[in-house]
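This report describes selected features of the structure shown below, which is a predicted model.

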Amino acid sequence: METSVEFRDMNLQKFSLLEKDSFKPPGRTKLYVVPPLGKGTIYAESLTSYIKRLADAHSVSVTLLLHNIVIPDNQSHIKHMHPYWRTAMHSVNGSSSMAEQFVSMFEVEILSKLVGMTLLPLEDIVGRSGRGTLHKNMNICPLCINQMAQHRSVFIPLIWWLEAVSCCPIHKTKLIDTCPACSAKLTAVPNYTPLGYCPKCGAFLGEKNLKINNYEKTAQQEEIVQVASELILYLERRTFFRNLFLKGVKHAVDKFSRGNIADFEEASGFPKTRVKQWLSGKNHPRLDDLIKLCVCHHISLVALCSGIITNMENVVVHTNIQDLLFAEGACDR
Ligand SMILES: [Zn+2]
Ligand SMILES: [Zn+2]
């Protein structure tokens with residue numbers, strides 16, 4: 001029950017203050033609020049990118065941020081996993097148990113929901129193994145990096161992490177995972193170096209112009225990017241369920257191969273029994289296989305995972321480059 005103490009102001013008007021023990025302060029965090037970038041667009045920021053920018057905003061290394069602030073004392077086993085999670089940080093963007101742990105730890109610490117920065121909404125369909133899901137190293141478009149650096153801080157969108165995606169949705173250039181200056185692989189989360197710079201030699205990774213042989217404008221990659229882009233847009237709004245996905249696959253088998261699973265596997269370019277194993281529950285599908293399936297039949301992955309078959313949507317052509325690179329989201333509570 002609230003109790004109050006009455007005071008009088010200089011005009012002898014009464015006013016009251018709540019007593020100390022009845023006052024409940026709002027939740028506190030040791031961290032500043034750093035808004036996620038690209039929110040609501042196909043360039044939604046990845047969780048590893050957000051973690052890195054959060055560390056930079058507090059002028060600490062990623063290790064220090066995790067060890068001293070984010071990982072709670074009762075989760076000390078995660079600290080002991082240090083060498084492992086440093087090499088497996090890419091999986092924080094996926095549907096793995098590590099992604100789930102990191103999302104929940106950060107949500108507690110920043111008092112905000114990190115929706116759409118990982119592939120967790122797909123976990124019921126693709127499982128936790130992460131096979132065929134994410135690149136192990138950071139992949140970047142040097143032209144995007146250059147534009148981001150000129151206008152605001154550099155960030156890494158989730159779509160660049162998808163293993164099936166090898167070209168930039170905006171520039172159609174080949175994504176790179178090595179430093180052009182020293183050929184070192186780009187680590188998933190640089191500990192000290194800011195995003196956009198090589199963690200090994202410090203070279204800036206952005207470029208104004210790319211040579212023509214760096215273009216990856218194949219018809220197949222364009223369709224892959226379309227399928228992936230639509231998926232990224234929906235990860236923020238929806239969780240996908242296995243039963244609906246299996247219903248969608250059955251519809252696809254009926255529509256494209258008159259119910260014959262073996263014919264459907266062949267028409268989709270899969271080895272025998274691949275789809276049969278999904279339907280029997282023996283194996284989770286790999287995300288790159290799902291994207292390949294949708295490209296092969298020109299259908300929407302979001303619709304397939306929702307139990308229906310519709311043509312794929314070209315969400316990329318309707319997108320303004322400024323909206324992608326410079327969109328800033330509010331934190332969800
Ligand atoms: Zn680009
Ligand atoms: Zn380098």
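## A buried loop residue

Ile156 counts as buried because 31 other C-beta atoms lie within 10 Å, against the cut-off of 20 or more. Ile156 belongs to the loop between helix H7 (142-151) and H8. Leaving aside neighbours within four places in sequence, Ile156 is in contact with Ser46, Thr48, Ser49, Met138, Ile140 and Leu195. Between the C-alpha atoms of Ile156 and Cys141, which are 15 residues apart along the chain, the separation is 9.4 Å.

## Helix H9 and its surroundings

Helix H9, formed by residues 219-235, has 17 residues, and the 25 Å from its first C-alpha to its last is close to the 24 Å expected at 1.5 Å a residue. Of the 17 residues of H9, 12 are buried, so this helix is largely enclosed by the rest of the structure. The buried residues are Ile224, Val225, Gln226, Val227, Ala228, Ser229, Glu230, Leu231, Ile232, Leu233, Tyr234 and Leu235, and they pack against helix H8 (158-161), helix H13 (287-297) and helix H14 (301-305).

## The packing of H9 with H13

The axes of H9 and H13 are 9 Å apart, and the two helices pack at an angle of about 115°, in a crossing that is right-handed. On the H9 side the contact is made by Gln220, Glu223, Ile224, Val227 and Ala228, and on the H13 side by Ile291, Cys294 and Val295. By class, this contact of H9 with H13 has six nonpolar residues, one polar and one charged.

Key:
Residues are numbered from 1 along each chain as its sequence is written. Chains are lettered from A and ligands numbered from 1 in the order in which they are written. This is a predicted model: local features need pLDDT of at least 70, side-chain atom pairs count only at pLDDT 80 or more; totals for chains, interfaces and linings use all residues. Helices (H or I, at least four residues) and strands (E, at least two) are DSSP runs, numbered from the N terminus. The expected span of a helix is 1.5 Å times one less than its number of residues. Two residues are in contact if their C-beta atoms, placed from the backbone, lie within 7 Å. Axes are lines fitted to C-alpha atoms, for helices over the stretch in contact, and angles run from 0 to 180 degrees between N-to-C directions. A crossing is left-handed if the near helix is turned anticlockwise from the far one by less than a right angle, and right-handed if clockwise. Ala, Val, Leu, Ile, Met, Phe, Trp, Tyr, Cys and Pro count as nonpolar, Asp, Glu, Lys and Arg as charged, and the others, Gly among them, as polar.
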